[in-house]
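Please look over the sequence and the model before reading the notes below.

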Amino acid sequence: MILLGIETSCDETAAALVDDHRQIIGQCLLSQLEDHAAFGGVVPEIAARVHLEHLDRLIAKLLKDTGRTLGQLDGIAATAGPGLIGGVLVGAMTAKAIALVHDLPFLAVNHLEAHALTARLTDDVAFPYLLLLVSGGHCQLLAVEGVGTYRRLGTTIDDALGEAFDKVGKMLGLGYPGGPAVERTARAGDPTRFPLPRPLRGKPGCDFSFSGLKTAVRQCIDKLPPGPVSATDAADLCAAFQVAAGDVLADRCGHALDRFREITGKNGPLVVAGGVAANGYLRQRLAQLGVPLIAPPLALCTDNAAMVAWAGLERLRLGQRDGLDFRPRPRWPLDPDAPPAVGGGVKA
């Protein structure tokens, strides 16, 4: 089987063809970084407009580059939530139109599930496994027991880690997106110079908190000499922040691995997915937990359409499909039965 995947949930316009032999036949992606850089973050209205202007062209280019036609496909999968609803609507409606005209199954894919199942595309990981999902809008630990079956073990009670990275980058004047800039800047820094907190480290449970860490960085900046932050100060702060974040992730994941063993009787593996999973230092830190660590290639950590196509394939192989009356969702938790986070910070 071959599926077309469409991803438009945030600021990446993407289309990809994937088959059930775990082969990515082709991908096309348009980044909107330049469209949003002047605003220091994603502007939903601009993102939706760019998706609308370019998605049809990207799909046509993908088909031409791979020598395929829509009539040769076995289904159409599109991110139908969670995400910026304007962009989600563009992708979902495009997929529905193609499915209707060509009489193909339509798969409404949960963007978080697409991230969760990426390791099965890249590494053929068997169920169950522990997932650390870290991005700009999400920070969760989940036991992945099967397609559509997720048990949330922990989540952020305030900010997602990716959001904290971006805010630190913005405070230090490193530009947008802040996450990759913080990682680059940290390479030249001394992580011991600025004492930063490790929120919730050593506490029971698997939840996260990053608001206090972000605030501590702000307080350190306020104590520096007036004016732009020097290159040395920026590097040291980035390094301290990144190491503190790594300590928190390792501690929380350690607790989640204990809980995962109780639930499944298995010692891992730990799968990390989402945009923050591209951070090399954090990967190294998580690799020290004593269980196999599986992280997708960098290009499949950030938003992409190959993961959407694969999630659609996983569901189609189980005989699942969605009606053309499916309503896209700005929020769509993987574990709808999970209790609310203590701080109300669940972003799903």
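The model is predicted, so local features need pLDDT of at least 70 and side-chain atom pairs count only at pLDDT 80 or more, while totals for chains, interfaces and linings use all residues. Residues are numbered from 1 along each chain as its sequence is written, and side-chain values use heavy atoms, with hydrogens and water left out.

**Strand β1**

- Strand β1 spans residues 2–7; helices (H or I, at least four residues) and strands (E, at least two) are DSSP runs, numbered from the N terminus.
- Because 6 of its 6 residues are buried, β1 is largely enclosed by the rest of the structure; buried means under 20% relative accessible area, exposed over 50%, and partly exposed in between (1.4 Å probe, protein chains only).
- Ile2, Leu4 and Ile6 point one way from β1, whereas Leu3, Gly5 and Glu7 point the other way.
- β1 pairs with strand β2 (residues 12–19) in the antiparallel sense over 6 bridges, where pairing requires that DSSP finds at least two bridges between the strands.
- A hairpin of 4 residues joins β1 to β2, and leucine 3 stands opposite valine 18 in β2.
- β1 also runs parallel to strand β4 (residues 75–81), joined to it by 4 bridges; isoleucine 76 in β4 is the bridge partner of leucine 4.

**Surface patch**

- Ile85, Leu89 and Met93 form a nonpolar surface patch with about 250 Å² of accessible area together.
- Patches are made of residues with over 30% relative accessible area and no salt bridge, with like charges joined within 9 Å and nonpolar side chains (Val, Leu, Ile, Met, Phe, Trp, Tyr) within 5 Å.
- Accessible areas come from the Shrake-Rupley method with a 1.4 Å probe; for residues, only the protein chains shown count as cover.
- A salt bridge is a side-chain nitrogen of Lys or Arg within 4 Å of a carboxyl oxygen of Asp or Glu.
- Methionine 93 lies in helix α3 (residues 85–102) and counts as partly exposed because its relative accessibility is 48%.

**Cysteines**

- The structure holds 0 disulfides, a disulfide being a pair of cysteine sulfur atoms within 2.5 Å.
- For cysteine 220, the nearest cysteine sulfur is that of cysteine 238, 12 Å away.
- The sulfur of cysteine 253 is 8.3 Å from the closest cysteine sulfur, in cysteine 139, which is too far for a bond.
- Cysteine 220 is buried at 13% relative accessibility, and cysteine 253 is buried at 0%.

**Aspartate 322**

- Aspartate 322 is found in the segment after α10 (305–317) and is buried, with a relative accessible area of 17%.
- Its side chain reaches the backbone nitrogen of alanine 108 at 2.8 Å.
- A polar contact of 2.9 Å joins the side chains of aspartate 322 and arginine 315; a polar contact is a pair of N or O atoms within 3.5 Å, and within protein one must be able to donate a hydrogen and the other to accept it, while residues adjacent in sequence count only if both atoms are side-chain atoms.
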